[in-house]
Structure formats: C-alpha cells, structure tokens
Amino acid sequence: MEKRNGSTEARYAVHHRDNDQEELVHDSSLDYKGRVPLRASTGVWKASLFIIAIEFSERLSYFGIATSLILYLTRVIHQDIKTAAKSVNYWSGVTTLMPLLGGFIADAYLGRYSTVFISVIIYLLGLILLTMSWFVPSLKACEPGHMCQEPRKEHEVVFFLAIYLISIATGGHKPSLESFGADQFDDDNPQERKKKMSYFNWWNFGLCCGLLLSVTVVVYVQDHVNWGAADILLTAVMAISLVIFIIGRPYYRYRSPTGSPLTPMLQVLVAAIAKRNLPHPSDPSELHEVSKSEKAQGRLLCHTKTLKFLDKAAIAEGNESSTEKQINPWKLASVTKVEEMKLILNMIPIWLATLPFGICIAQASTFFIKQGTTLDRKVGGFLIPPASIYALAAIGMIISVTLYEKVLVPALRHTTGSERGIKILQRIGIGMFFSVVTMAMAAVVEHRRLGVVRQNPLTGSTSMSVFWLAPQFLIVGFGDGFALVGLQEYFYDQVPDSMRSLGIALYLSVIGASNFLSSLMITAVDHLTEKHGHSWFGKDLNSSRLDKFYWLLAGMAAVNMLFYMLLARRYTYKNVQRSVAVADCYEGDDPSTLA
C-alpha cells in the first residue's frame with residue numbers, strides 16, 4: 001500500500017511539475033516585479049501589440065522627417081541637389097549606424113526596456129528643438145517677414161543638432177524596441193515560436209502604416225501649412241508613444257543585461273590560439289560543454305563542422321581540473337560559446353553581400369523623391385506633395401508582407417514541411433532580386449523623363465505625370481517586404497541569444513553603411529564622369545544623368561546577387577540543442593527551423 005501511495009505521489013509530482021512548466025516561462029525572462037513570468041498574463045501578442053503600436057508612432061515621427069529632409073535642405077537651407085543628397089545620406093547613415101552602440105549598451109548594461117525609455121526622452125528633446133527652430137524668432141531660417149537666399153547660421157546649427165539628437169535616440173530605440181518585442185515569445189514553446197515568426201511580419205506592417213501616414217498626413221501639413229505645424233504633430237505623437245510604452249509595463253517579459261557580449265568571443269579566440277597545436281578530436285562529444293542546468297541565460301547550441309580551428313578552444317586538456325573549466329574561460333570555452341563565435345564570423349560575408357541592396361534602396365528616399373518634384377503632381381484640383389509618392393513604397397511593402405504571411409507561408413509550410421516555409425536567406429534573396437528590377441525600372445523612367453525635357457526645354461517634364469514613378473516605388477516596397485523583413489529576422493535569430501539588440505543593430509547597420517557608400521558612390525561617379533566629359537550629377541535633375549547611375553546600380557546589384565546566392569547555399573544556420581548529446585544534435589534536422 002505504501003509503495004502504491006509513493007507511486008501516486010511521484011506521478012502527482014511529475015504532473016504538477018509539467019503544469020508548472022506550462023504556466024511559467026522558463027526562458028531566463030522576468031516579469032516587471034522580477035519574478036518568473038506567468039505565460040497566461042505576460043508576453044506574446046498581449047505585450048508585443050503595445051510594442052508594435054510604439055513602433056508605429058516612432059516611424060510616423062521618423063519618416064515625417066526623413067522623407068521630406070531633402071526637400072527641406074533644398075528649399076529652406078538652400079543646398080544644391082548633390083549636397084542635399086549627401087547630407088541626407090550622411091544623416092541616414094549615422095541614424096542607422098548608431099544602433100550598433102545603442103544595441104551594445106542595451107544588451108550589456110541597461111537592458112532593452114530602460115534603453116527604449118531613455119531613447120524616447122532624447123527623441124522628444126530632438127523634436128522639441130526642431131519645433132523651436134521654426135517658431136522661435138532668433139532661431140528662424142530668415143528674419144521674420146523677409147525672404148533669404150541663405151539661412152541664418154543659428155537656424156542651421158539648431159536644425160542639425162535637433163536631427164542628430166533624433167539619430168542618437170534612434171540608435172537606442174530601434175534595436176532595443178524590436179528585439180524587446182521579439183523577446184515576448186518563448187523560443188522553447190512550439191506555439192509561441194510559430195507566433196514569433198509572424199511577429200516580424202506584423203512589426204513591419206505597423207512600421208509601414210506609420211510610414212504611410214507620415215508621407216500623406218504629415219507631408220501634407222508640411223506642404224500646405226508649414227514645417228513647424230508638422231513638428232508639433234510629430235512631438236505630440238512621440239509623447240503619446242511614451243505613455244503607451246509605460247502602460248504596457250505589467251504585460252512585458254524582461255531580460256536582464258548579461259555584460260559585454262564581446263568578451264566571451266574574445267575568450268574563445270584566445271583559448272583557440274593557445275591550443276592551436278592540439279589535435280582536433282574525432283568525436284565532437286569529447287569537446288567541453290556546460291549542462292543545461294549550469295547555463296544561466298540563453299540556450300545550448302549544437303556543434304557544427306565549420307571553422308574547426310575554433311573548436312580547439314573547447315578541448316579540455318588532461319591537466320585542467322573541473323574547477324578550472326568553470327572559472328577560467330580564457331583557457332577553456334564551451335561548445336556553445338565556440339558556436340556563438342562561429343555565428344558572428346559566418347554573418348560577416350552575408351552582411352557585406354547585402355550592402356549593394358542597401359545602396360539601391362537608399363535612392364528611394366533621395367533621388368526618387370526629388371524626381372517627383374519635376375513631374376506633374378496634380379490630381380484634379382489637388383497637388384500631391386512630392387514626398388507623398390513614397391506612400392506607394394509603403395503600400396507595396398504592406399501588400400508583400402500580408403501576402404507572405406497569409407498566403408505564401410501556409411502554402412510553403414505545407415509543401416516543404418518547414419516551420420518557416422522557406423529559409424531566411426532565400427527570403428532575403430527574393431527581395432534583392434526586386435531591388436535589381438527597381439533600379440532597371442527607375443532607369444527606364446528617368447530616361448523617358450529626360451527625353452521629355454529635351455523636347456520641351458521651357459516646360460521641362462511637368463507634362464509627365466508623377467505616377468510614372470509608381471512602378472519603381474511599388475516594386476521597391478514589395479521587395480522590402482522580403483529583404484528587409486528577412487534581414488531583421490536573420491540578424492535577430494542568428495546572433496547569440498545575449499546579443500539580440502546588437503543583432504537588430506547589425507541589420508540597421510546594413511542600411512547605414514549603404515547610405516554612406518551611396519554618398520561615396522555619388523562623389524566618385526561625379527568626379528570620374530566630370531573628368532571624362534559631362535558629370536552625371538548636375539546642378540539640377542534636368543542637367544543630370546540619373547538614368548545612367550541607376551543602370552550602374554542595377555548591374556552592380558545583379559552581379560552581387562550571384563555572390564550572395566553562393567554564400568546562401570553554403571551557409572550553416574544556428575542550431576539549438578534539443579537533446580543532451582553534443583555530437584549528433586544537428587543530424588537529421590533542418591537547422592533553419594531551429595533558431
């Protein structure tokens with residue numbers, strides 16, 4: 001009888017533990033009171049919808065500035081088209097490279113929630129300063145009641161200070177908020193893992209809705225009221241987003257900062273170099289790995305067969321005691337730490353291969369919009385603001401994301417049997433193909449526009465409808481639904497678990513570096529073409545040859561696609577350990593589904 005009661009108690013204990021595992025989230029996250037979070041009341045869509053709403057508000061503010069910046073610089077600051085395009089590219093470059101610093105600080109020291117909170121405050125300060133530069137008499141571009149050919153220096157200083165404060169704020173806000181939203185889903189729970197794969201699609205849906213409103217409502221206010229009224233609107237929206245962020249606090253799952261994520265990688269490198277002369281073990285199970293109970297944060301990774309030199313960091317020599325294995329990571333690394341180092345090294349070629357794509361899409365916020373100013377923008381009695389044509393890119397991306405989420409993914413899951421439908425790098429490659437088509441289409445349209453200008457030198461291309469630009473905007477937006485969303489998912493999923501804010505920052509750095517490279521290309525092409533005759537970049541668009549520049553970008557992106565396809569075929573995806581064994585945990589699985 002006692003034996004039977006003991007058996008019943010054991011079964012009850014197991015059942016109770018299973019229920020506890022189901023009710024609580026054991027993925028190293030905490031609730032707002034520092035406890036293990038309850039699955040039913042925290043995270044997933046109930047938390048991430050708050051975060052997507054905040055992204056909607058922030059993107060409304062950001063694109064309200066970004067899409068019209070080239071127009072402000074040419075109309076108010078009176079920069080020529082070439083200088084204005086470079087100024088926009090420099091600002092966009094800084095804005096999208098700053099997240100490397102912001103993501104590092106969030107992962108290592110502040111945590112994602114605190115980083116977002118501080119960033120929103122800095123963002124608000126930048127917007128307030130921007131508003132003051134328009135309304136405060138001593139900071140206005142011109143003397144009140146006067147027209148001027150050059151703005152006052154005070155206005156320039158305050159204006160650029162304001163937009164670069166927004167750059168700094170975006171540096172903390174963008175990587176931390178997006179990764180904070182993805183943190184609301186438990187990777188070890190199959191239902192939540194599937195929802196997480198949809199998260200990046202709906203994140204970008206919210207982003208595009210913010211973009212759509214910014215290039216219609218905000219740009220309309222800029223064009224038909226004044227820039228200052230639009231700045232007030234953007235400041236109010238950003239203040240509301242801060243309130244929304246605070247209201248959602250009880251529903252979030254939080255991750256504690258883990259210290260510098262770069263230190264473990266340096267430790268692996270030092271240990272591998274120190275043991276460079278040791279023979280590589282034939283059996284990967286001989287390599288050192290911590291147990292799951294010892295792993296405080298993150299997940300254990302499977303051993304992979306790439307970059308075998310680094311495996312030597314995980315070889316336990318005979319004279320190393322168990323104590324030394326735990327306390328001296330400079331001499332002995334775990335398999336997981338080695339694999340995390342491999343993940344980062346494997347990302348470098350992919351990062352480089354996506355830069356030509358980034359250079360192509362950089363043209364949409366500069367030359368594409370400036371082209372719109374030279375065309376007929378009247379629809380009935382309404383004059384479309386030039387930046388509002390960018391709304392077509394947002395519409396293209398919304399269509400793309402919705403089709404992918406609702407049609408393609410379910411069909412591909414059924415066909416391939418993979419959780420994702422297609423691999424992440426395949427999705428990015430499809431988007432890169434659309435960028436080539438975009439530049440070819442843009443070149444054809446610009447060639448036609450220049451032909452109209454030659455036929456009618458006095459009226460220029462004002463007889464040509466602005467909707468000639470619609471195909472290139474729609475295609476670039478449609479492609480972004482594949483490439484940009486894929487890049488976000490790739491850099492979040494494929495980095496070590498402790499570096500996920502930094503992972504989103506790496507995605508943003510593709511766009512940032514591409515903007516800088518775009519500026520360098522403009523300078524180089526301008527110099528070379530001027531040296532050999534007529535520059536492709538004149539004082540205005542009618543004296544420029546953007547069609548040739550677009551063909552150059554299309555050819556460069558097409559050649560780069562071949563390089564990218566080779567990399568994608570040989571790429572080894574992050575492979576999370578689902579069993580205790582190190583040696584065979586990758587065998588028989590599709591690694592692209594395991595991240």
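**View 1. Thr42 and its polar contact with Leu38.** In this predicted model, the side chain of Thr42 reaches the backbone oxygen of Leu38 at 2.6 Å. Thr42 sits in the loop that lies between helix 1 (2-23) and helix 2. Its relative accessible area is 4%, so Thr42 counts as buried, the cut-off being under 20%. Leaving aside residues up to four places away in sequence, Thr42 touches Pro37, Pro250, Tyr251, Tyr252 and Arg253.

**View 2. Helix 2 against helix 7.** Here we follow helix 2 (residues 44-66) to its contact with helix 7 (residues 153-182): the two axes come within 11 Å and cross at roughly 155°. Angles over 145 degrees count as roughly antiparallel, so helix 2 is roughly antiparallel to helix 7. The crossing of helix 2 past helix 7 is left-handed. On the helix 2 side, look for Ser48, Ile51, Ile54, Glu55, Glu58, Arg59, Tyr62 and Ile65; helix 7 contributes Ile163, Ile166, Thr170, His173, Lys174, Leu177, Phe180 and Gly181. Sorted by class, this contact has eight nonpolar, four polar and four charged residues.

**View 3. Helix 5 against helix 18.** The axes of helix 5 (residues 99-110) and helix 18 (residues 500-531) come within 7 Å, crossing at roughly 175°. That angle makes helix 5 roughly antiparallel to helix 18. From helix 5, the contact takes in Pro99, Leu100, Gly103, Phe104, Ala106 and Asp107, which meet Arg500, Ser501, Leu502, Ala505, Leu506, Leu508 and Ser509 of helix 18. By class, you will find eight nonpolar, three polar and two charged residues in the contact of helix 5 with helix 18.

Definitions and conventions
Residues are numbered from 1 along each chain as its sequence is written. This is a predicted model: local features need pLDDT of at least 70, side-chain atom pairs count only at pLDDT 80 or more; totals for chains, interfaces and linings use all residues. Side-chain values use heavy atoms; hydrogens and water are left out. Axes are lines fitted to C-alpha atoms, for helices over the stretch in contact, and angles run from 0 to 180 degrees between N-to-C directions. Helices (H or I, at least four residues) and strands (E, at least two) are DSSP runs, numbered from the N terminus. Angles under 35 degrees count as roughly parallel, over 145 as roughly antiparallel, 65 to 115 as roughly perpendicular and the rest as oblique. Contact means heavy atoms within 4.5 Å. Ala, Val, Leu, Ile, Met, Phe, Trp, Tyr, Cys and Pro count as nonpolar, Asp, Glu, Lys and Arg as charged, and the others, Gly among them, as polar. A crossing is left-handed if the near helix is turned anticlockwise from the far one by less than a right angle, and right-handed if clockwise. Buried means under 20% relative accessible area, exposed over 50%, partly exposed in between (1.4 Å probe, protein chains only). A polar contact is a pair of N or O atoms within 3.5 Å; within protein, one must be able to donate a hydrogen and the other to accept it, and residues adjacent in sequence count only if both atoms are side-chain atoms.
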